[in-house]
Amino acid sequence: MSTASTRPPEGRYGRSSDERADRTLRIVGAVLAVVMVGLVGWFGYHHVAKNEISAEVISFDLSKDAVEVHLEVRKDAGASGYCTVRSQAEDGAEVGRADFRFDGDDTRIDEVVTLRTTSPGTTAELVGCHAD
């Protein structure tokens, strides 16, 4: 004795609603993936290519009420801007923050700046640099 099938023959009545939903989800997913890749590329380009000033802390010396920070700044010729430096106490509290301005035609500036602190600092951290 044979058992009767409850499914219609394949391909006879068109696509099922599940197949249409799967196709729609694949299209939406592909479009979203392309948009995300485009956004990441756009933000990456503007972060790397448009950043005219970059810097790093080479060393720092601590004292009771100040931190001397040796900064190396790289920038485009003629670009001007500033770098923000901060210092923290041993417990993590911020004890000093200041902006140091850089301009001129030099593309590399090697400078020691003094950051005044409200209590003894234990670190010198470059927060970031921004072009004007």
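This is a predicted model: local features need pLDDT of at least 70, side-chain atom pairs count only at pLDDT 80 or more; totals for chains, interfaces and linings use all residues.
Local features need pLDDT of at least 70, side-chain atom pairs count only at pLDDT 80 or more, and totals for chains, interfaces and linings use all residues. Residues are numbered from 1 along each chain as its sequence is written, and side-chain values use heavy atoms, with hydrogens and water left out.

An open sheet is built from 3 strands in the order E1-E2-E5. Strands (E, at least two residues) and helices (H or I, at least four) are DSSP runs, numbered from the N terminus. Two strands pair if DSSP finds at least two bridges between them. The pairing here is antiparallel. Strand E1 (53-62) and strand E5 (108-116) are the edge strands, and each pairs on one side only. On average, neighbouring strands of this sheet are turned by 25° against each other, direction ignored. The axes are lines fitted to C-alpha atoms, and angles run from 0 to 180 degrees between N-to-C directions. Strand E2 (residues 66-75) is joined to E5 by 9 bridges. Arg-74 stands opposite Arg-108 in E5.

Arg-101 lies in strand E4 (residues 94-102). Neighbours within four places in sequence aside, Arg-101 is in contact (heavy atoms within 4.5 Å) with Gly-81, Tyr-82 and Asp-132. Its side chain reaches the backbone oxygen of Gly-81 at 3.5 Å. Arg-101 and Asp-132 are 31 residues apart along the chain, and their C-alpha atoms are separated by 10.0 Å.

UniProt, in an unreviewed entry, places a "transmembrane region" at residues 25-45. Such annotations may be inferred rather than shown by experiment. In the model, residues 25-45 are 100% helix and 0% strand. The end C-alpha atoms of this stretch are 30 Å apart.

Notes
A polar contact is a pair of N or O atoms within 3.5 Å; within protein, one must be able to donate a hydrogen and the other to accept it, and residues adjacent in sequence count only if both atoms are side-chain atoms.
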